[in-house]
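Please look over the structure shown below, and then read the short report that follows it.

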Amino acid sequence: AAAVCAISAIAGLADQKSARTGNVLGIAGVTYGLAATAADMSLAGAAPAAFQQVGLLGGLGAAVGTAVASQVGPTELPQTVAAFHSLVGIAAMAGAAGEYLGNAGDLDVGTLSAIYLAVFIGAITFTGSVVAYTKLSGMMSSKALSLPGRDQLNLGMLGVLAVGMAAFLDPSLGSTVGIDSLTPEALQLSSLSFGAVVSSILGFHLVASIGGPDMPVVVTVLNSYSGWALVAEGFLLGNPLLCQVGALIGFSGAILTWIMCEAMGRSITSVIFGGAGTAAAPTGEAAVMEGEVTIGSVDNMMETLLEANNIMIVPGYGLAVAQAQFAVAEIAKKLRDMGKNVRFGIHPVAGRMPGQLNVLLAEASVPYDMVFEMDEVNDDFENVDVTIVIGASDTVSSAAEDDPNCSIYGMPVLRVWKSKVVFVSKRTIGNTGYAGMENPILYKDNVEVVLGDAHDTCEALRSAL
C-alpha cells in the first residue's frame, strides 16, 4: 500500500489540478511505510527499548522539522529543500557506517558495495546540498568556481574513489601494492573513511563549479542523488520499500533535471558533472545599452489595460519576495470579468526552484486554465496587447538571444518584448536578476518601467481597476 501510494503521489503531482491529491497520497504512503516498518520490527522480535529509541528520535525529528518548516516563507523554500537534501546525505553515510562497524568481517561483497556506494552518494549529496543552500541563500557568491583543470580534478577524484572501492571490497589488494602495515579490517576502514572525505570534496567542487542561474537545476539533481542514496540504504537494510521510494525519487529527479535542462538550453552532462565540457565564461565586452528607460505609472498601466484585449502576466522571483500573488490574482480576476483574455506565462525556472511560481499562484487561487508554460505562449507574444512583468529579469532578458557575451546566452526566455506594450514592475532600475546582469528590454521603446515595491504597485493597480 505504501509503494502504491508513493507511485500514485508522483502521478498526482505531475498536474496542478491533481497536485493536492498527490500530496495527500504521498503523506499516506510515508505513513503506511512507517507503520509497516514498526510491524516489521515487531515481527522480528525487537525489544521495547528499540521502539522507545525509534519513538524518541522520530518525535524529536518531527518537532525539529515542524519548527523549521513553520519559519520558512515561499522565498526561502528553495534553499530549505537543498538543506533537507543534505540531511538525506548524512543519513545515508551514517547508516552505511553503522552497518559496516556493526558487522565488520561478516559482510558479503554485495553488502560492502552498497555500503561504499551509500557513502559515496551520501557524501556528494551532503556537501553539494550545503553549497547549493549557501548559494541560494546568498551566503556564497553565485558565480561558478572555475579552478584550473576543473574536469581533470573531477576525473582524478573519481579515479581515486574507484581505487578506494576496490580496496574496500578486496583488502587483499593492499599487499599487491605494498601496503602490508595495515590489517585487512584497518585497510577497509581507511578506504571507506578516505572515500567519504574525497566524495565530500567532489560534491563541493561539482556544485560550486555551477553558476547561480543554473541552481534550480542543481536542486533537482541533488533531489535525484538523495533518491539513489535511499536505494543504497534500502539494499543495506534489506528494505524493499526504501528501495522503491528511493528509486521513485531518483528517477523523477533525473527526469525533471532533463526537462529543465532542455528548457534552459543547458547540457545535462555539464550540470551533473560540475560544468564538464563547457567553455570558460565569456570574456568579451557586454552589449552596450542603447536608448533610455521610460518610467511609467500605475495610472498609465491601468488605462492601457482597460483598452487591451489580450493580456499576459509574467511573474518572477520578485513576486515571491514581495508576496504580491494575492493582489495579482485579484487583478487577473477583475480583468477577466471585463471580458479580457488574461494569461500567466511561467518560465520553467522562474524563481529559484522548479514550480515555485506555480505554487504561489495556486496559493492565491489563480485558476489553472489561466496558467501556461513558456512553450505554450512564447510564439504568441506578437499578438499580446499588454504584458506585465512582475519581479522577473533573467527569464525575460533579450540578451539571452542577442548577446553572446552574457552569462545566460542560449537560455530560452519568454519573449515579452515582442508584445505591443510591456510594463515592468521593478524596485529600482539597477536591480539585476540572479545572473547579475542588467536587462536590455528596459531600454526598448515599447517598455515602461513602474518603479516601487511589487506588492505596493500591484495593490495600487488593483484598487485603480
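## After helix H15

Helix H15 is followed by serine 365, a residue whose phi is positive, near 65 degrees; helices (H or I, at least four residues) and strands (E, at least two) are DSSP runs, numbered from the N terminus. Serine 365 is found in the loop between H15 and S4, and it is exposed, with a relative accessible area of 59%. Here buried means under 20% relative accessible area, exposed means over 50%, and partly exposed lies in between, with a 1.4 Å probe and protein chains only. This is a predicted model, in which local features need pLDDT of at least 70 and side-chain atom pairs count only at pLDDT 80 or more, whereas totals for chains, interfaces and linings use all residues. Residues are numbered from 1 along each chain as its sequence is written, and side-chain values use heavy atoms, with hydrogens and water left out.

Most residues other than glycine have a negative phi.

## Helix H15 and its cover

Helix H15 covers residues 356-363, and its buried residues are Gln356, Leu357, Asn358, Leu360 and Leu361. In an α-helix there are 3.6 residues a turn, so residues three or four places apart point the same way. The cover over the buried residues of H15 includes the helices H4 (77-103), H13 (317-322) and H14 (325-337), together with the strands S2 (310-315), S3 (341-346) and S4 (371-373).

## Threonine 127

Threonine 127 is found in helix H5, which runs over residues 109-136, and it is buried, with a relative accessible area of 13%. When its neighbours within four places in sequence are left aside, threonine 127 is in contact (heavy atoms within 4.5 Å) with Ser199, Ser200, Gly203 and Phe204. Threonine 127 and asparagine 309 are 182 residues apart in sequence, and from C-alpha to C-alpha they are 50 Å apart in space.

## Cavities

How many cavities of 30 Å³ or more does the structure hold? The structure holds three of them, and about 80 Å³ of space lies in the largest cavity. Eleven residues line the largest cavity, and the closest to its centre are Leu206, Val207, Val221, Tyr225 and Ile272. A cavity is a set of points, on a 1 Å grid over the protein atoms alone, where a 1.4 Å probe fits but cannot get out, and lining residues have an atom within 4 Å of a point. Grid points are joined across faces, edges and corners, and a volume is the space filled by probe spheres set on the points.

Helices H8 (184-208), H9 (215-237) and H11 (268-272) each supply at least two residues of the lining of the largest cavity, and the largest share, four residues, comes from H9.

## The chain as a whole

The chain has 18 helices and seven strands, and its C-alpha atoms fill a box of roughly 80 × 50 × 30 Å, taken along the principal axes. Of the 465 residues in the chain, 44% are buried. Among contacts between residues at least 6 apart in sequence, 78% join residues at least 24 apart.

Conventions: 1 Å grid on protein atoms, 1.4 Å probe; cavity = no way out; pocket = protein on both sides within 12 Å on 5 of 7 lines; lining within 4 Å.
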